[in-house]
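Please examine the sequence and the structure before reading on.

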Amino acid sequence: MDERDIRQWNMFMHLAQFAGYVVPLAGIIAPIVMWQMKKDESPEIDAHGRMVVNAIISYVCYVIGELLLCLVLIGFVLLPIIAICAIVFPIIGAVKANDGELWQFP
C-alpha cells in the first residue's frame with residue numbers, strides 16, 4: 001500500500017464512526033471491521049484502528065455513566081458535552097489522519 005492509501009484508510013476509519021447516525025450500530029461495527037481487514041498491512045492503520053476502537057469503547061462507557069447520572073439530574077448537563085465530543089473528535093481525527101498524523105483522543 002502506498003502512503004496515500006494508508007492515509008485514506010485511516011481517515012475513513014475515523015469517519016466511519018458517523019455511520020451509526022444512518023444505520024444503527026454501524027458506527028461501532030464499520031470501524032472495527034475496517035481495522036481488522038487492514039491492520040496487518042500497515043502499522044499506521046493498526047495504530048489508528050486501535051485509537052478509533054478505544055474511542056468507541058470510551059464513548060459507550062461515558063454514555064452509560066451519563067445515563068446513570070441522569071438519575072440525579074447531573075447527567076442531563078454532561079450528556080450534551082459527550083455528544084458534541086462524539087461529533088468533533090472523529091472529524092479532528094480524520095483531518096489529522098489525512099495529514100499523516102496520529103491524533104490521540106483526549
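## Helix H3 and its neighbours

Helix H3 contains 27 residues and spans 39 Å from its first C-alpha to its last, close to the 39 Å expected at 1.5 Å a residue; the expected span is 1.5 Å times one less than the number of residues. Helices here are DSSP runs (H or I, at least four residues), numbered from the N terminus. The model is predicted: local features need pLDDT of at least 70, side-chain atom pairs count only at pLDDT 80 or more, and totals for chains, interfaces and linings use all residues. Residues are numbered from 1 along each chain as its sequence is written, and side-chain values use heavy atoms, with hydrogens and water left out.

Among the buried residues of H3 are Ile 45, Val 52, Ile 56 and Tyr 59, where buried means under 20% relative accessible area (1.4 Å probe, protein chains only). Their cover includes H1, H2 and H4.

Two packed helices are described by the angle between their axes and the distance between the axes. Axes are lines fitted to C-alpha atoms over the stretch in contact, and angles run from 0 to 180 degrees between N-to-C directions.

| Pair | Angle | Axis distance |
|---|---|---|
| H2 and H3 | roughly 160° | within 9 Å |
| H1 and H2 | about 155° | 8 Å |

H1 is therefore roughly antiparallel to H2, a term for angles over 145 degrees. H2 and H3 are also roughly antiparallel to each other.

In the contact of H2 with H3 (heavy atoms within 4.5 Å), the residues of H2 include Ile 28 and Trp 35, and those of H3 include Gly 49 and Val 53.

Terms used. Helix = DSSP H or I, 4+ residues; strand = E, 2+ residues; numbered from the N terminus. Parallel < 35°, antiparallel > 145°, perpendicular 65-115°, else oblique. Buried < 20%, exposed > 50% of the residue type's maximum accessible area, 1.4 Å probe, protein only.
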